[in-house]
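Colleague: May we go through this structure together, one topic at a time?

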Amino acid sequence: MATVSDYGAFMQKFILLPSSSSHGLPLSSLTFAVKEIFDVEGHVTGFGHPDWARTHPVASSTSPAVSALLNAGATCVGTTVMDEMAYSINGENIHYGTPRNPCAADRVPGGSSSGSAVAVGAKLVDFSLGTDTGGSVRVPSSYCGIFGFRPSHGTVSTSGVIPLAQSFDTVGWFARNPVILSRVGRVLLQLPEAASVRPTHIIIADDCLQPSSIPHNLVAQILIKAVEKLYGDEILKHEMLGDFVKDRVPTLRHFMMGNSQSDQVYNIPSLAALSTAMRLLERYEFKINHGEWVRTVKPELGPEISERVSEALRATGENIDLCRSVKEEMREALSALLGDFGVLVIPTVPGPPPKIGTNTPELETFRAKAFALLSIAGVSGCCQVNVPMGMHEGLPISISLVARQGADGFLLHLVERLYDLLQQEITPSSQ
């Protein structure tokens, strides 16, 4: 069980050693923790809820993702706290507590992979595993000031991982520096050693950056200066992403009509509609996966998650085919925009981590804004990396880079090359 000394990050502590001598292996001497959504042989996979743990047996095998890391020489030191049933990006759990954000103790750590992010941010492990369906690696990595990688959908096995919504589920990971992030990625993605490739273009999504409460100029200028030093300014492009998505994802019009949320919480209606389509399909698949268990067991859930689960249980198959059409159109649209070696620059989240105990209406408004951004990679299946950019007014800030589906290795290499220059551009005032 979590303790104060480990920032409340861990559910269970144990040691799983590499299956053979780790000498010379890519992850030799590194430690990691795993979100308790992954099967680990001999342990109950708790899914963030005591009733789930009570009603499910001990895992008879270890998930392939965890096994791959062990086989690469890393040592697993335990499982981490997560949001109940992985159905939140906040990081609070009424049963097991809120892991303490190492960057700002009065702020939420982000979820649902909260403990995994905190364990890395607090330097309790070298890296950790999480899952990302709607943002559960990207959000907590941003809130905790660390790297978080959501791979292209379908590239890392989700076998032995409790599903939330298979259309969007991915296995992601956290690290404090881009070198370890890349080493872990090469193992999980089964990538061969390869030289880095120069990006053909880096696109700044101006409309996505402007509504962010994080100062637009601060984050954008740090990145732009680093890119200019490394590649020259001719590589930089600008795009109004909302207009592009509206034009290239025609099925979205079905979700934009009558969507009053678009104008209330975010001034990019097409991205708000994209989020609506994503969450509709997510709810439908959650119901298929877990509806019977929820109705039978009637677990006690935190108020916000309880409301979300109840909404999922009411989901029907209406418009699900349209959601899947949006998914395919969005994948094709971003593939056309990015090409083989293009990169899209967007905020990871719309602002700093909310304070613990933020009232529900304010939190829901923030979530809606966040999902408008998170759905870009979520719906398209693209890979996305959260890059920490220091501190601003005592809180962590970050930026995200997105590459086409399947360009994970390219994106990991790019972050490695860029980060030293980004560090040089981050001034003391933003620390």
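Predicted model: local features only at pLDDT ≥ 70, side-chain atom pairs only at ≥ 80, totals over all residues.

Modeller: Residues are numbered from 1 along each chain as its sequence is written, and side-chain values use heavy atoms, with hydrogens and water left out.

Colleague: How many disulfides does the count give?

Modeller: A disulfide is a covalent bond between the sulfur atoms of two cysteines. The rule applied here asks for a pair of cysteine sulfur atoms within 2.5 Å. By this rule, the number of disulfides is zero.

Colleague: Which cysteine has the sulfur nearest to that of cysteine 144?

Modeller: Cysteine 144 is buried, with a relative accessible area of 2%; buried means under 20%, exposed over 50%, and partly exposed in between, with a 1.4 Å probe and protein chains only. Cysteine 144 is in no disulfide. At 6.3 Å, the nearest cysteine sulfur is that of cysteine 103.

Colleague: With which side chain does the side chain of serine 113 make a polar contact?

Modeller: Serine 113 lies in the loop between β3 (75-80) and α3 (114-121), where helices (H or I, at least four residues) and strands (E, at least two) are DSSP runs numbered from the N terminus. Serine 113 counts as buried, at 0% relative accessibility. A polar contact is a pair of N or O atoms within 3.5 Å; within protein, one must be able to donate a hydrogen and the other to accept it, and residues adjacent in sequence count only if both atoms are side-chain atoms. At 2.9 Å, the partner is the side chain of lysine 35.

Colleague: Which peptide bond is cis?

Modeller: Most residues other than glycine have a negative phi, and most peptide bonds are trans. Serine 112 lies in the loop between β3 and α3. With omega near 5°, the cis bond runs from glycine 111 to serine 112.

Colleague: What is the phi of alanine 86?

Modeller: Alanine 86 is also placed in the loop between β3 and α3, and is buried at 6% relative accessibility. Its phi is positive, in a residue other than glycine, and is near 60°.
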